[in-house]
Amino acid sequence: MASNEVKLLSSWISPYVLRAKIALNIKRVEFESIPETLFPKSDLLLKSNPVHKKIPVLIHGDRIICESLVIVQYIDEVWASGPGILPSDPYDRAIARFWAAYIDDKWFPNVRALLVIEEDEAKKATLEQITEGLVLLEETFTKCSKGKKFFGGDNIGYLDIALGCFLAWLRVLERITDVILLGETKTPLLFKWALDFSSEPVVQPDMPDIDKLHEYSKGFSQRLKAFDKKKK
Amino acid sequence: MGEVKLIGAWGSSMTWRVQMLLKMKGIEHEYVEEDLANKSPLLLQHNPVHKKVPVLLHNGKAIAESLVIIQYIEETWENGPSLLPKNPYDRAVARFWAKYFDETCLPAILKAIKTAGEEREKAKEEAIELLKFLDNEVKGKKFFGGDTIGLVDIALSFGAYWFDIILELVGLELITKDKLPNLCQWIDEFVNYSFVKENLPDRDRLTHVFKVMFPGSAAK
């Protein structure tokens, strides 16, 4: 393998993989997408990410990088001459990192829970938490975008990628629960942002088709429930 | 470079991480001690999302989350010693392991501390399995950062020093020579590293703080 070849262990359903793909697209890096079977996990995945056994995994020459946000920062730093993904100002970078961590640690677990919760009261509470989180993110968007199209300003940046990767799944969950999660009334700016983000050339080709994802989600919920039961 | 203020809590290993970097870089700052049992308007104003320490205030702008703060400090005060390597791949590796400890190992370790009996035994086994990856990572090296301490060493400080005190209180032995030999060696190197040694919080006072944090912990 050439020392600079780029490969990405991926899956069309994974929002985390989408983060890596968008970052590579922004930098116009040619890469090979290696679809991962997931159930069961491939030997390549288990070997290259023994710690988490998860995708995405970026293989750059003989270097292996795991964890989507670590990968995005790596891509930003290695292909430094391309358009910047993290903001240039250290304080703006800190804000972007803070909210990306919030999205992953606090907000998304509620979204994921929605796929497995059965009980109505718990579902209602989770839906509320998701919406509350989005209202917070709407405020953040106002501060970060400074009137422009994206969290990153004129162009997609780190925080756009961190949140935007979940849009297709959000839309699928809205169909499943029959509840508007990211709506024009409560979060008008994010609502518009979602449309702008999804139609960006560096995003659009890799964003999963919502009908296809909805179909996939039917079996996926069952698998997630089984996986969670095993872990307990 | 402007006014720097750190809101922290004595005994908090997350606060300690940031204090170490500020000291390493010789950054003058005002330290504000937070009473976590009675959170101040200052803290709640500047970290409304998590309401936790540490929070760094630089010219009035607030940054929260220790690993975010650390990277902010590194990027704002670029001169002097650094916790993060220069090379992007090494940085990615450092970020990966720091994240792994905080998000995966620490919850498992805390679970082992807080439970008892069979549940504790199970949690302990799980925590040891998770720590084996870190044990492997530091094998053959003095520190995770190489010859000098880096981001991962600072991130793991809880495991090195704080944890030993908790062990005494709770009788939970996690990092042993037979299961995690390289981590054991690393702990030794880390707590004896001059800069760290001079700045570790007083053991007796920390023991007292933990007795409060983990009540009933005297029971073995």
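Reply: Happy to! In this predicted model, helix 1 and helix 7 of chain B make a right-handed crossing. Helix 1 of chain B spans residues 13-24 and helix 7 of chain B spans residues 157-170; their axes come within 11 Å and cross at roughly 125 degrees. That angle makes helix 1 of chain B oblique to helix 7 of chain B. On the helix 1 side, the contact is made by Ser13(B), Trp16(B) and Arg17(B), and helix 7 of chain B contributes Ser157(B), Phe158(B) and Trp162(B). Sorted by class, this contact has three nonpolar, two polar and one charged residues.

For context in chain B, an unreviewed UniProt entry annotates residues 2-81 as "domain: GST N-terminal". That span of chain B is 36% helix and 21% strand, and its end C-alpha atoms lie 20 Å apart.

Over in chain A, there is an open sheet of four strands in the order 2-1-3-4, with mixed pairing. Strand 2 (32-35) and strand 4 (63-66) of chain A are at the edges with a single partner strand each, so one side of each has no neighbour in the sheet. On average, neighbouring strands of this sheet are turned by 20 degrees against each other, direction ignored. Strand 4 of chain A runs antiparallel to strand 3 (residues 57-60) of chain A, and four bridges join them; His60(A) has Arg63(A) of strand 4 as its bridge partner. Helix 3 (residues 68-78) of chain A lies across strand 3 and strand 4 of chain A, at about 130 degrees to strand 4.

How values were computed:
Residues are numbered from 1 along each chain as its sequence is written. Chains are lettered from A and ligands numbered from 1 in the order in which they are written. This is a predicted model: local features need pLDDT of at least 70, side-chain atom pairs count only at pLDDT 80 or more; totals for chains, interfaces and linings use all residues. Side-chain values use heavy atoms; hydrogens and water are left out. Two strands pair if DSSP finds at least two bridges between them. Helices (H or I, at least four residues) and strands (E, at least two) are DSSP runs, numbered from the N terminus. Axes are lines fitted to C-alpha atoms, for helices over the stretch in contact, and angles run from 0 to 180 degrees between N-to-C directions. Contact means heavy atoms within 4.5 Å. UniProt positions are given in the numbering used here, feature names are shortened, and annotations may be inferred rather than shown by experiment. Angles under 35 degrees count as roughly parallel, over 145 as roughly antiparallel, 65 to 115 as roughly perpendicular and the rest as oblique. A crossing is left-handed if the near helix is turned anticlockwise from the far one by less than a right angle, and right-handed if clockwise. Ala, Val, Leu, Ile, Met, Phe, Trp, Tyr, Cys and Pro count as nonpolar, Asp, Glu, Lys and Arg as charged, and the others, Gly among them, as polar.
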